[in-house]
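Please keep the model open while reading.

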Amino acid sequence: MEALSSLAFGFGVAFTPFNLALALAGAALGTAIGALPGIGPINAIVLLLPLCFSLQLPPESALILLAGIYYGSGYGGRISSILLNIPGDPGLVMTTLDGYPLAQQGRGAAALALSGIGSFVGGTLTVVLLTFLAVPIARLAVSFGPAEYVALMVLAFSLLATMGQGRTAKTWAAICLGLLGAMIGVDGGSGVERFTFGSLELLGGIDFTTLTIGLFAVSEILVVAEGMRSGSISHLGAGSHLRVKELVSCFPAMLRATGIGFFLGVLPGTGAAVASALAYTAEKRVSDRDGTFGKGDMRGLAAPETADNAAQTASMVPMLALGIPGSGTTAVMLGALLMYSITPGPLLFTQRPEIAWGLIASMYIGNIMLLVLNLPLVGLFARLLLVPNWILFPGVLGLSFAGVYAATNSTFELLLATGIGIVAYAMRKIGIPLIPMLIAFVLARLLEDNIRRALSLSDGDVLVLVSSPVAILFWLLAALTFLVPMLAPRLGRRLRAMSDSEAS
């Protein structure tokens with residue numbers, strides 16, 4: 001009952017006309033920014049933070065505006081992911097697996113509508129959980145030590161390998177390439193240069209925006225150019241709308257993905273990328289009986305979209321309750337609170353309830369605003385595919401390179417994105433998947449930091465990695481995920497052979 005009365009107080013803050021206008025502006029602006037490949041919510045929030053101070057916005061109003069941009073960009077990012085196969089954020093990488101094939105089949109509008117509804121379901125259910133479970137779950141999440149994080153990352157890699165659809169070796173090769181790519185630059189622990197080959201520009205490593213644009217935008221344009229030359233690229237239509245039967249069939253996937261996204265979202269530093277990857281692979285295990293995942297299955301789109309938005313919302317839990325950011329974007333928002341001389345933590349809910357509960361209440365309102373804003377515009381977004389390829393893709397390439405330059409302010413990064421795109425094009429030609437490489441790149445730093453921290457705390461004793469029941473559970477799940485797909489077919493053949501010999 002205390003949570004409900006506090007939430008009612010939060011709605012009193014969020015329902016003021018000024019804060020409602022800010023929530024709407026943030027949601028609309030976030031959707032527009034999220035649709036631009038390469039410009040994610042972090043850049044948008046960093047650019048708008050000085051504006052909040054110059055306008056002298058109250059802290060709760062500034063946070064409501066920034067939060068609107070945060071989850072609005074999640075809605076916007078699905079547009080380029082589904083229609084152009086260009087994820088603008090790590091959490092949207094899995095969306096392309098079934099979203100882009102649906103667009104190629106002429107179901108772009110249906111895919112956008114489903115992803116919008118999935119995001120609404122994941123975001124809204126997570127806000128409900130956030131309302132009642134924020135403080136106790138955040139305390140449980142921060143009890144995870146480096147050993148548990150290492151085991152969790154290994155489980156994520158093991159699940160990624162199952163996405164290969166018979167190309168396990170090539171998928172592991174892609175994961176290794178992602179891990180190697182993340183090592184480029186100066187080692188944060190020792191200061192040693194790794195794989196820089198004497199280049200000053202590579203000392204800071206490969207920027208995520210550069211890598212994403214190279215892997216997906218540049219390589220996709222090369223594929224399209226090749227197809228146009230050979231005449232194999234057909235025109236993509238807006239297609240039929242989402243059917244009620246299709247939506248109902250996706251609700252179990254949405255509920256499962258909400259649970260995964262919420263649990264992983266509250267783990268500081270895990271982020272939406274892990275949540276969407278685990279939700280997709282888990283749903284593939286549960287539902288993909290006909291081998292339709294990766295070919296335009298609605299459930300394969302609903303699961304990562306729901307988990308992505310659930311994890312984004314859940315990442316607010318450790319930030320608000322304990323002052324620990326759950327993602328890069330919430331780290332920027334945490335900085336905004338500190339600039340207002342406000343210290344997040346358990347006391348925030350009692351000493352500054354207008355901020356904590358006002359933000360939570362604004363999330364309910366923002367999710368409804370985003371659904372109302374986006375669903376009527378689905379057909380308009382899908383009509384983007386009616387633009388001729390010779391106009392659309394050069395425009396996307398120019399916009400993508402503008403995003404790379406805005407994020408890095410370096411012409412070297414433009415050349416690097418082009419080089420990565422050519423390598424990615426070659427990888428696609430020989431069947432090496434790109435998405436496991438990108439996920440591995442994102443998770444590599446988290447894995448390395450936690451391995452280093454665990455070994456430092458144990459004076460180099462590797463047994464610390466299996467020193468807790470939670471870590472052991474994650475290791476066992478990773479081993480089962482790795483071994484079962486390899487051993488199950490052999491075991492099945494042996495059982496069939498034994499059955500045949502007994503029958504004869």
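An axis here is a line fitted to C-alpha atoms, for helices over the stretch in contact, and angles run from 0 to 180 degrees between N-to-C directions. The model is predicted. Take helix α2 (residues 17-34) and helix α4 (residues 59-84): their axes come within 6 Å. They cross at roughly 30°. The crossing of α2 and α4 is right-handed. On the α2 side, the contact residues are Phe18, Asn19, Leu22, Ala23, Gly26, Ala27, Leu29, Gly30, Thr31 and Gly34. They meet residues of α4 that include Ser61, Ile64, Leu65, Gly68, Ile69, Gly72 and Tyr75. Gly76 and Gly77 are also among the α4 residues in this contact.

A second pair is helix α10 (residues 244-265) and helix α12 (residues 298-314). The axes of α10 and α12 come within 7 Å and cross at roughly 35°. This crossing, too, is right-handed. From α10, the contact set includes Glu246, Ser249, Cys250, Met254, Thr258 and Phe262. Gly261 and Gly265 of α10 also take part. The α12 side is made of Met298, Arg299, Ala302, Ala303, Thr306, Ala307, Ala310, Ala311 and Ala314.

## A covered helix

Helix α5 (residues 95-104) is mostly covered. Of its 10 residues, 9 are buried. The buried set holds Thr95, Thr96, Leu97, Asp98 and Gly99. Tyr100, Pro101, Leu102 and Ala103 are buried as well. After α5 comes Gly106, with a positive phi near 85°.

## A nonpolar surface patch

Which residues make the nonpolar surface patch of about 370 Å²? Leu4, Val128, Leu129, Phe132 and Leu133 do. Helix α6 (residues 108-141) supplies the largest share, 4 residues.

Leu133 lies in α6. Its relative accessibility is 32%, so Leu133 counts as partly exposed. Patch residues need over 30% relative accessible area.

## An exposed loop residue

Phe197 sits in the loop between β2 (193-194) and α9 (208-230). Is Phe197 buried or exposed? Phe197 counts as exposed because its relative accessibility is 76%. The cut-off for exposed is over 50%.

Phe197 and Ile184 are 13 residues apart along the chain. Their C-alpha atoms are separated by 9.6 Å.

Methods. Residues numbered from 1 in each chain as written. Predicted model: local features only at pLDDT ≥ 70, side-chain atom pairs only at ≥ 80, totals over all residues. Heavy atoms only, no water. Patch = residues over 30% accessible without salt bridge, like charges linked within 9 Å, V, L, I, M, F, W, Y side chains within 5 Å. Areas by Shrake-Rupley, 256 points an atom, 1.4 Å probe, with all protein chains shown as cover. Salt bridge = Lys/Arg side-chain N within 4 Å of Asp/Glu carboxyl O. Helix = DSSP H or I, 4+ residues; strand = E, 2+ residues; numbered from the N terminus. Buried < 20%, exposed > 50% of the residue type's maximum accessible area, 1.4 Å probe, protein only. Left-handed = near helix turned anticlockwise from the far one by under 90°. Contact = heavy atoms within 4.5 Å.
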